[in-house]
Amino acid sequence: MSARNWVVAFLALLALGPLVLPEFHITLLNYIGLYALVALGLVLLTGVGGLTSFGQAAFVGIGAYTSAYLTTTEGLPDFVAWVGVSPWLTLPAAILLTVAVAAVLGLLTLRLSGHYLPLGTIAWGMSLYFLFGNVSFLGGHTGVSGIPAISLFGVELKDGRYFYYLIWLMVLAALWATQNLLDSREGRAIRALKGGAVMAEAMGVDTARSKLVIFLIAAAFAAVSGWLYAHLQRFVNPTPFGLHIGIEYLFMAVIGGAGHVWGALLGAGLITILKQWLQDLLPRIFGASGNFEIIVFGLLMIFVLHRARDGLWPVIRRLAPLRGARRKVESAGPLGRRTKPAAGSVVLEVKDAVKKFGGLTANNHMSLSVRAGEILALIGPNGAGKSTLFNLITGVDPPTAGEVHFLGGRVDGLASREIARRGMSRTFQHVRLLATMSVLENVAIGAHLRGGGGVMAAALRLERAEEGRLLAEAARQIERVGLAEHVFDAAGSLALGQQRTVEIARALAADPSLLLLDEPAAGLRYLEKQALAELLGRLRDEGMGILLVEHDMDFVMGLADRVVVMEFGEKIAEGLPEEVQGNPDVIEAYLGGVD
Amino acid sequence: MDLQIALLLSQDGIVNGAIYALLALALVLVFAVTRVIFIPQGEFVAFGALTLAGFQAGKVPGTLWLLIGLGAAIAIVEVVIAMRSGALRRLTSALGWNLGYPAVAAAVVFLGEPVSWPLFVQVVLALAMVVPLGPMVYRLAYQPLLSASVLVLLIVSVAVHLTLVGLGLLFFGAEGSRTPAFSEASFEIGGVVVTGQTLWVVGASAVLIVVLYLFFERSLWGKALRATAINRTGARLMGISSTQAGKLSFVLAAAIGALSGILIAPITTVYYDTGFLIGLKGFVAAIVGGLASYPIAAAGAILVGLLESFSSFWASAFKEVIVFTLIIPVLVWRSLTTRHVEEEE
Amino acid sequence: MKLKPLAAGLIAAFATTQALADITVGVTVSATGPAASLGIPEKNTFALMPTTIGGQKVNYIVLDDASDTTTAVKNVRKMITEDKVDVIVGSTITPNSLAMIDVAAEAETPMISMAASARIVDPANPKVKWVFKTPQNDVQMSTAIVESMLSNKVQTVAFIGFADAYGEGWYNEFSKIAELRKLKIVANERYNRNDTSVTGQILKILAAKPDAVLVAGAGTPAALPQKALNEKGYKGAYYQTHGVANMDFMRVCGKDCEGTLLPAGPVLVAGQLPDSNPIKKVALDYTSKYEAAHGKGTTSTFGAHAWDAGMLLQSAVPVALKKAQPGTKEFRAALRDALEGLKNVTVSHGVVNMSPQDHLGFDQRARVMVKIENGGWKLQQ
């Protein structure tokens, strides 16, 4: 069965549910829907984006309390009172307020690195929870009752069967939008957050913005869930929004499969049903005197994680292999290209660059320049400071002193995505590909700055024309480097040499004026090296400037127009390949210590 | 607020902070060696205190059954593994420990009469009952996930926490317990009464911290743990097994947790679920220390203790709001002052 | 012989049929989570209840709601739609009970709450038509405390309570009555159930120099403030609430609680009631049953609230049975009417006289003042 058929079958079952299922199953499905919305946000935030949050329950709380307060409080001032007239008006209010709070918290805590972030989310999650309980106009610890039911076309959705459709409509909309978002230019940037942030920045992605975007989306989903909860339950008190529940949402996402949107649904469903099942079954086995549910539940979860640490969705995917996944890149028109500098003009100029790490001087007064239509090779023994110089030029690590000029403007001190925007693109010495993403998507990240489709447009699939052009461009670059048959393979499944080549394709997808290649030939076989040399030669002829770090002397000497030799962070020689080869200092550097 | 009140609040904050510091040290240790964020740390606090209280009430504490149960579970796992790999020779010691030790413990509890023994012996017995649970939990829950991501290990921790809290309720009931003080003495220092037990808490924490320091600096085992914490692969190449280091770190964590519980049981009531919030505050301190630095974690713990104590005076209803809100700027400051290296996946 | 109940349980798990005419009582209690110390004795009590009422078999379905409102509501929905219960009993705590009202009322199923707040049966809410409760209102208990304080010449009082619905409910009611009777509240402090220290709150109370301190907590956690105050040398009077009325509290608080006064249901001191008091017999019947099953000194007043819910049903069900068959909408309505019409029913906590305006039905006989003396409860006349 194809993916589409699976989805259609799922939707059909979902739509038929209320007509055939017993009442309580509908109740459970309603709760599953509410939980799935929050878990979906966590899939985006934690599973895809790598940002662990324990605080989602607090966002659910803000959504629920906003609607509860507005619809039950009498005598509100006129400028807000009109919102409380109908839950349909409080829905946007709940989302807006939650997103606003999330924006403040996100700006404060998303910059937290490593393990500071999860603790940050615990901190504000706890603060908000205790705040709910201590604010008297929110009903304190006791809670707010008398929240009205939602009406649709004059029908009060008191019956769980009607509410079911409302909940699942929202869940499916959120699923659809999330799925779309992840399958887009912005989505690729989001997927690069986890383990690929340095690379993404070098391709022009504003990773801080991407983090905030997914944080706000997750908060909005939580707010919708809270709004639905308030009007389903028609009573709100602080307990459903505490840290324990926040942890449980994370639980659902991870058990289901935090890296997959359907994992959220699976996790929410599984945990809700499992708990229910244990509640029914255990008293019959152990008798009614003890409370064994939580113990057995915990043990089962440990067992599941031992067997499927990526969650259960990947396991299910393997059981039901998909047929007919998309295997073709639609042809599309070309992307705009930047104006290239005139051949022979200076593209890059490094002047007296110094880089110190503590007491260690990695680069000492390095100067070099690259012209359009020229290949400059940077060679030197291991540890000479070549990669440091690369990072310094591309803005990954700003220089301690000295200047870097690119296309006539100073770029030292700029963020790497800013430098990328000006037309510099690079590869990394240690391959930085997203192993589970396809080669095509990896390369498309390189073209990030050549598109402009926003998050909303992506979620609603309004940027498909541009997306088609981006993918077509990526496919063209993959073909150009000779990996056409691997377009849809996972990047991690390729041989190391091929992965380096994918990095080149990604850099080319940015349509750069200057290309920085860090050991592109390492791990390539002889014929592959020849092909690479041919490609680089062609690029040079098209007028591109290329700065190349390479150890393979045959490769370098056959290809480079000029060579710069580094040792101990300093330049020891510069010139034509044959000049450098004869330089006694260079021979000493490479063969030194033999005497 | 006058000086005396400030002094009393500081004393209270430091006593609580000392416990948080101990837990923070254990959390830092466990994380550094195994990458596990050990949420169930708090359960060992409760288990330690309530096991001791059980002995004093003349009951058989449920932790004994847990010890026997976990031992049996490990024995089964080891037998299955040994059968599959054919390495039956190594089985003897594993079975001896996991079946023999609980059997001996059970014999002591049932044949002896712990209720009539002196406090010190009861404490030792309670520790002997609870500490082995640490490495046993490691063996069953974490060892099979040696290479899993931090997130997965964290979720396993949550599951272990849920299980242990559930067992705690089953073993000890919902009501709390207290144990008699180690010392009934009290002193007056600068107009502030200091009880002997608070000195015990602060003193024991300080001694433990020094002992841990010496352990890590001087002993071979300690050095091995540090090596594992710094570089897992390197340590393995040097013949230090990750699982041995992991087990050892869990022994220490369980011992620190149980001892913390035994120390505070005379000054507060301990419940089956007391551990979570104490552990959480230890966790806060540990993170402030970047899950790497012991002195900063200890300082963070004292800070959390003081924050709590003073905010419960100013606005007791908002205590947690104040504590957790004030943690955020500390986190931001710590985050900005530590260099973050992108995790390579 | 552990296997026997296990096997029996497994068989029961697969045998789901039951006679249609049985009466089904759906119970949700907070047997885990923060309110577990209240919920567990309640849960235990249902096992002691009669299995037939008026010749009809009664099935009790007892579920745990983990002190969580969402789970409580889910439990109620399950019991109503799956088990077709005739009546709901629960939950242990106020927020859960409040959240359940809408569901019970919409399904037209009577509900008997075991939580404290008067808000649960507030007659201003039309849905409360379906809701009854067995524990004394916090208003009633607050009044008893205020009266006792005034008669002991207390003029200023400090309040320290749980930072949850229990402490909040008590403060709201107690402060209203105190203000009315010109009793001055000089401090209002909160603490969490499993806080390890209340030094900050205690210092603030001491600074306010109150004549008496009221601790509003349930079970053993209520001992912490009193022990801390004693340690710091507080010499005034101590009051606790009926939430502490179990022997575990006494075990933990020990000699620090000597002389403490609290209001409680008469069941707590059943043995000391005069023989003329009809409650004595009923209350002793419960305590002896409970202690036979769980050991001496294990009774708590919370379990007795559950017992009383059972007793209300034992009085009301026979009336309702005359009108309709269990398992029907008509039976539920008849049961509701019968509950509302209960007059002079003696339960372990008092004597119940229901009316449309009063779905609790207790009078002054439902509370006594108790003093802690020599590690036991002493009835105050």
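Mentor: Let's begin with contact: two residues are in contact if their C-beta atoms, placed from the backbone, lie within 7 Å. Helices (H or I, at least four residues) and strands (E, at least two) are DSSP runs, numbered from the N terminus. This is a predicted model, in which local features need pLDDT of at least 70, side-chain atom pairs count only at pLDDT 80 or more, and totals for chains, interfaces and linings use all residues. Residues are numbered from 1 along each chain as its sequence is written, while chains are lettered from A and ligands numbered from 1 in the order in which they are written.

Trainee: Which residues of α13(B) and α14(B) meet?
Mentor: From α13(B) they are Val304(B), Leu307(B), Glu308(B), Ser311(B) and Ser312(B), and from α14(B) they are Lys319(B), Ile322(B), Val323(B) and Leu326(B). This contact has five nonpolar, two polar and two charged residues. Here Ala, Val, Leu, Ile, Met, Phe, Trp, Tyr, Cys and Pro count as nonpolar, Asp, Glu, Lys and Arg as charged, and the others, Gly among them, as polar.

Trainee: What describes the way α13(B) and α14(B) cross?
Mentor: Their axes come within 9 Å and cross at roughly 145 degrees. Axes are lines fitted to C-alpha atoms, for helices over the stretch in contact, and angles run from 0 to 180 degrees between N-to-C directions. α13(B) spans residues 294-314 and α14(B) spans residues 319-337.

Trainee: Why is the crossing of α13(B) and α14(B) called right-handed?
Mentor: A crossing is left-handed if the near helix is turned anticlockwise from the far one by less than a right angle, and right-handed if clockwise. α13(B) passes α14(B) in a right-handed crossing, so the clockwise case applies.

Trainee: How many residues take part where chain B touches chain A?
Mentor: Chain B gives 38 residues and chain A gives 39. On the chain B side, α7(B) contributes the most, with 14 residues. That side has 27 nonpolar, five polar and six charged residues.

Trainee: And what makes up the contact of chain A with chain C?
Mentor: There, 27 residues of chain A are in contact with 32 residues of chain C. The largest share of the chain A side, five residues, comes from α12(A). By class, the chain A side divides into ten nonpolar, twelve polar and five charged residues.

Trainee: What share of chain A is called buried?
Mentor: A residue is buried if 20 or more other C-beta atoms lie within 10 Å of its own, exposed if 12 or fewer, and partly exposed in between. By that count, 54% of the 595 residues in chain A are buried. The secondary structure of chain A comes to 24 helices and 14 strands.

Trainee: What separates the two domains of chain C?
Mentor: Their bounds come from an automatic or database domain assignment: domain 1 is 5-136 + 288-342 and domain 2 is 138-264. Their centres, taken over C-alpha atoms, are 31 Å apart. Still, 14 residues of domain 1 are in contact with 16 residues of domain 2.
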